[in-house]
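Subject: Structure handover

Hi,

Here is the structure I promised you. Please open it and keep it on screen while you read my notes below.

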Amino acid sequence: MKYFKEMIGILTPKERMQIREGLELQSTPCRRLELFELIDAGAVDDDEAAANYLYGDRSGSAYSHLKARLRTSMIDILFPPYFPQSAGDYYDLRSECWSELQIAQFVLAREAFGIARKHLEDARSMAESSGLVSEMLIIEDLCMQHFPLQSTRATRKPSREGINSRTDLLRSRLEAKQQ
């Protein structure tokens with residue numbers, strides 16, 4: 001609930017309207033819009049109250065799934081994917097990584113550092129697991145710009161053969177690939 005309150009709190013009225021319209025355009029009436037409205041209006045303070053309002057006593061895991069779908073819908077509405085859906089797995093991963101980066105930059109501009117850190121960590125894990133070197137460089141630069149005093153994964157790893165940090169290692173790999 002904290003994530004949604006912070007995220008909705010930093011949205012402009014135009015962006016809130018964009019999300020409402022996007023959720024209304026979906027083919028079936030959905031509880032995502034209902035949950036968004038409840039949070040936006042400040043009608044619920046925690047997850048338990050929202051689950052009870054929407055599902056009554058039979059919420060179970062349905063509320064957790066609803067929150068995940070709302071988060072995905074908000075991201076898809078505010079930040080459409082970069083690549084066509086039929087582009088393939090590599091582009092799906094890259095598009096997801098760029099979406100996380102875009103959200104992080106969006107919330108960093110509005111000084112919501114907690115949300116930004118979460119999205120940067122998600123983007124980093126996607127980039128590391130997929131070998132997206134250029135994305136890793138961008139993530140490291142953002143982390144160093146906005147979180148310079150906090151250690152990142154890059155600074156915790158030992159240096160290799162005279163390379164001072166993981167960022168330098170990634171830059172050298174990128175330069176080698178370009179040659």
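A contact here means heavy atoms within 4.5 Å. With that cut-off, lysine 67 touches Met1, Phe4, Leu35 and Asp47, leaving aside residues up to four places away in sequence. Please bear in mind that this is a predicted model.

More on that lysine. Lysine 67 sits in helix α5. Its relative accessibility is 21%, and it counts as partly exposed. The cut-off for buried is under 20%. Lysine 67 is 36 residues from arginine 31 in sequence, and the two C-alpha atoms are 9.7 Å apart in space.

Overall layout

The protein chain has ten helices and zero strands. From the N terminus on, the order of elements is α-α-α-α-α-α-α-α-α-α. The chain has 179 residues, and 39% of them count as buried. Take the contacts with a sequence separation of 6 or more: 60% of these join residues 24 or more positions apart.

The core

In soluble globular proteins, nonpolar side chains tend to be buried together. Here the largest nonpolar core holds 48 residues. Which of them touch the most other members? They are Met7, Tyr63, Met74 and Leu120. At least two residues of this core come from each of α1 (2–10), α2, α3, α4 (47–55), α5, α6 (89–109), α7 and α8 (133–146).

Have a look at methionine 74. Its contacts are Phe4, Met7, Ile8, Leu11, Ile19 and Phe36, again not counting residues up to four places away in sequence.

The buried residues of α1 are Tyr3, Phe4, Met7, Ile8 and Ile10. They span an arc of only 165° around the axis, so they lie on the same side of α1.

There is one aromatic pair by the rule used here. Tyrosine 3 and phenylalanine 4 form it, edge-to-face, at 5.5 Å centre to centre and with 80° between the planes. Tyrosine 3 and phenylalanine 4 are both buried.

Now α2. This helix has twelve residues. From first C-alpha to last, α2 reaches 16 Å, close to the 16 Å expected at 1.5 Å a residue. Which residues of α2 are buried? They are Glu15, Ile19, Arg20, Gly22 and Leu23. These cover an arc of only 165° around the axis, which puts them on the same side of α2. The face turned away from that buried side carries the exposed residues Pro13, Lys14 and Glu24.

Salt bridges

Side chains of opposite charge can pair when their charged atoms come close. The count in this model is eleven salt bridges. Three of the pairs are described below.

Start with arginine 20 and aspartate 40. Their side chains meet in a salt bridge at 2.1 Å, N to O. Arginine 20 is in helix α2 (residues 13–24) and aspartate 40 is in helix α3 (residues 31–41), so the pair ties together parts that are 20 residues apart in sequence. Aspartate 40 is partly exposed, at 22%. There is also a network here: salt bridges link Arg16, Arg20, Glu37 and Asp40.

Next, aspartate 122. Its salt bridge with arginine 71 has the closest N and O atoms 3.7 Å apart. Aspartate 122 lies in helix α7 (residues 113–130) and arginine 71 in helix α5 (residues 62–78), so this pair ties together parts that are 51 residues apart in sequence. Aspartate 122 is partly exposed, with a relative accessible area of 23%.

Aspartate 122 has another salt bridge, with lysine 118, at 3.1 Å, N to O. Lysine 118 and aspartate 122 are both in helix α7, four residues apart, about one turn of the helix. Lysine 118 is partly exposed, at 34% relative accessibility.

Where to look

- Methionine 74, with its contacts, which include Phe4 and Ile19.
- The network of Arg16, Arg20, Glu37 and Asp40.
- Aspartate 122, which forms a salt bridge with arginine 71 and meets lysine 118 in another.

Best wishes

Technical notes:
Residues numbered from 1 in each chain as written. Predicted model: local features only at pLDDT ≥ 70, side-chain atom pairs only at ≥ 80, totals over all residues. Heavy atoms only, no water. Salt bridge = Lys/Arg side-chain N within 4 Å of Asp/Glu carboxyl O. Buried < 20%, exposed > 50% of the residue type's maximum accessible area, 1.4 Å probe, protein only. Core = buried A, V, L, I, M, F, W, Y, C linked by side-chain atoms within 4.5 Å. Phe/Tyr/Trp six-rings, centres within 6.5 Å; stacked < 30°, edge-to-face > 60°. Expected span 1.5 Å × (residues − 1). Arc of directions from axis to C-beta.
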